[in-house]
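Thanks, everyone. I have one structure to walk through today, and I'll keep it brisk.

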Amino acid sequence: MGAGTLLVLLFSDPMVDVMSEIGTVSGIPAFYISFVLAPLASNASELIAAYSYASKKTTKTITIGLSALEGAAIMNNTFG
């Protein structure tokens, strides 16, 4: 847990700087950067896992992929 907290402390400020610069360079408003791009970046592993499950095209793997995405959405909305 301590290692995870340390990693967040090390990488959160540079990520905010990068997201801010992306918004400045591309002309995208800060609202869209913070509520669309940042969650996509922070949940990229869940998106990739859900896609790989869904690409197998069986009922069970599609259900697992959708469950993973739903769990990620709940965690984002709960913990902020």
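Start with M19, which is found in helix α1. Please keep in mind that this is a predicted model. Is M19 buried or exposed? M19 has a relative accessibility of 13%, so M19 counts as buried. The cut-off for buried is under 20% relative accessible area.

What does M19 touch, once we leave aside its neighbours within four places in sequence? The contacts are I33, L37, A38 and A41. Now look back along the chain from M19 to G2. The two are 17 residues apart in sequence, and their C-alpha atoms are 26 Å apart in space.

Helix α1 covers residues 2-26, and helix α2 covers residues 30-42. How do α1 and α2 pack? Their angle is about 130 degrees, and their axes are 11 Å apart. So α1 and α2 are oblique to each other. For the handedness, the crossing of α1 and α2 is right-handed.

Which residues meet there? On the α1 side we have M15, M19, I22 and G23. On the α2 side we have I33, L37, A38, A41 and S42. Sorted by class, this contact of α1 with α2 has seven nonpolar residues, two polar ones and no charged ones.

Next, the other pair on my list. Helix α3 runs over residues 44-54. The axes of α2 and α3 come within 4 Å, and they cross at roughly 70 degrees. That angle makes α2 roughly perpendicular to α3. From α2, the contact uses L40, A41 and S42. From α3, it uses A44, E46 and L47. By class, the contact of α2 with α3 has four nonpolar residues, one polar and one charged.

Let's step back to the whole chain. How many helices and strands are there? There are four helices and zero strands. Read from the N terminus, the elements run α-α-α-α.

Now the overall dimensions. The C-alpha trace spans about 40 × 35 × 20 Å along its principal axes. What radius of gyration does the chain have? The chain has 15 Å, whereas a compact globule of 80 residues would have a value near 12 Å. As for burial, 10% of the 80 residues count as buried.

Another of the buried residues is worth a stop. G65 sits in helix α4. G65 has a relative accessible area of 3%, so it is buried. Not counting residues up to four places away in sequence, G65 touches A50 and Y53. Compare that with S12, which is 53 residues from G65 in sequence and 27 Å from it in space, C-alpha to C-alpha.

Now for the exposed side. V8 is placed in helix α1. Its relative accessible area is 54%, so V8 is exposed. The cut-off for exposed is over 50%. V8 and A68 are 60 residues apart in sequence. In space, C-alpha to C-alpha, V8 and A68 are 22 Å apart.

Where is K57 placed? K57 lies in the loop between α3 and α4, and α4 covers 59-79. At 69% relative accessibility, K57 counts as exposed. Its backbone deserves a look too. What is the phi of K57? It is near 55 degrees, a positive value in a residue other than glycine. For context, most residues other than glycine have a negative phi.

To recap, in this predicted model we have four helices and zero strands. M19 is buried and belongs to the α1 side of the α1 and α2 contact. The α1 and α2 pair is oblique, while α2 is roughly perpendicular to α3. G65 is buried in α4, and K57 is exposed in the loop between α3 and α4. That's my tour.

Technical notes:
Residues numbered from 1 in each chain as written. Predicted model: local features only at pLDDT ≥ 70, side-chain atom pairs only at ≥ 80, totals over all residues. Heavy atoms only, no water. Axes fitted to C-alpha atoms, helices over the stretch in contact; angles between N-to-C directions. Helix = DSSP H or I, 4+ residues; strand = E, 2+ residues; numbered from the N terminus. Parallel < 35°, antiparallel > 145°, perpendicular 65-115°, else oblique. Left-handed = near helix turned anticlockwise from the far one by under 90°. Contact = heavy atoms within 4.5 Å. Nonpolar A, V, L, I, M, F, W, Y, C, P; charged D, E, K, R; others polar. Rg over C-alpha atoms; globule rule 2.2 N^0.38 Å. Buried < 20%, exposed > 50% of the residue type's maximum accessible area, 1.4 Å probe, protein only.
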